[in-house]
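I opened my notebook for a first look at this structure.

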Amino acid sequence: MYTKLFISVIFTIFLILLVYKRKRLIIPITVAYLAIVIYLVAFSSGRIDMGGISIKFPFPFFRAILSHQYGPTTNRSFLNIILFIPFGYLLPAIISLPIVQKSKPDSKPRWLMIVFAGFAFSLLIETSQFIFRFGVFELDDLVKNTIGTVIGYMIWRGLERNQ
């Protein structure tokens, strides 16, 4: 499980640096990222015909972090957060492209819009898992994915200020 976590962190850093250095790759990288997310969520787990709803909140995750008690559940939670960091970075990067900003050039995407989009994308994934029975709708995943989106947006804002 630590290997997946390490690879996810390295992949996320690589992706952000690649897009930061080469703006013209934003759209193809975003398409590839979304394809990877859909594959990971729908096809890689091997869990078919599960269905169900889990409404536990992420408090056990935060309690484990504060007490330094890491394990498979904590690592899975970190993976959920890391999975959405690129989303929080790529969406405002796309919105900031001159092609997209024909009506309002140089306007920055609002953080609340990005966070809501991350929440909505996560809700779409969780609902799909429930409807198509290849996973469980988990309320705490919505929270952790949204946290990942916020972190990605903060990285984007920090890098944009340095340009």
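Leaving aside neighbours within four places in sequence, which residues is Tyr 89 in contact with? I noted first that this is a predicted model. Then I listed the partners of Tyr 89: Ile 16, Val 19, Tyr 20, Gly 152, Tyr 153, Ile 155, Trp 156 and Leu 159.

Next, the core. I found that the largest nonpolar core has 29 residues. Val 37, Tyr 89 and Leu 90 have the most contacts inside it. Helices H1 (2–21), H2 (26–42), H4 (72–95), H5 (111–132) and H6 (139–161) each supply at least two residues of this core. H4 gives the most, with 10 residues.

Then I turned to H5. I counted 22 residues in H5. From first C-alpha to last, H5 reaches 31 Å, close to the 32 Å expected at 1.5 Å a residue.

Which residues of H5 are buried? I wrote down Ile 114, Val 115, Gly 118, Phe 121, Ser 122, Ile 125, Glu 126, Ser 128 and Gln 129. They lie on the same side of H5, because they cover an arc of only 155° around the axis. On the other side of H5, I found Leu 112, Phe 116, Leu 124 and Ile 131 exposed. After H5 comes Arg 133, with a positive phi near 60°.

Last, I picked Val 115, which is in helix H5. Its relative accessibility is 13%, so Val 115 counts as buried. Leaving aside neighbours within four places in sequence, Val 115 is in contact with Thr 146, Thr 149 and Val 150. I also checked Val 115 against Asn 145: they are 30 residues apart in sequence and 9.8 Å apart in space, C-alpha to C-alpha.

Key
Residues are numbered from 1 along each chain as its sequence is written. This is a predicted model: local features need pLDDT of at least 70, side-chain atom pairs count only at pLDDT 80 or more; totals for chains, interfaces and linings use all residues. Side-chain values use heavy atoms; hydrogens and water are left out. A nonpolar core is a set of buried Ala, Val, Leu, Ile, Met, Phe, Trp, Tyr and Cys residues joined through side-chain atoms within 4.5 Å. Buried means under 20% relative accessible area, exposed over 50%, partly exposed in between (1.4 Å probe, protein chains only). Helices (H or I, at least four residues) and strands (E, at least two) are DSSP runs, numbered from the N terminus. Contact means heavy atoms within 4.5 Å. The expected span of a helix is 1.5 Å times one less than its number of residues. The arc is that of the directions from the helix axis to the C-beta atoms.
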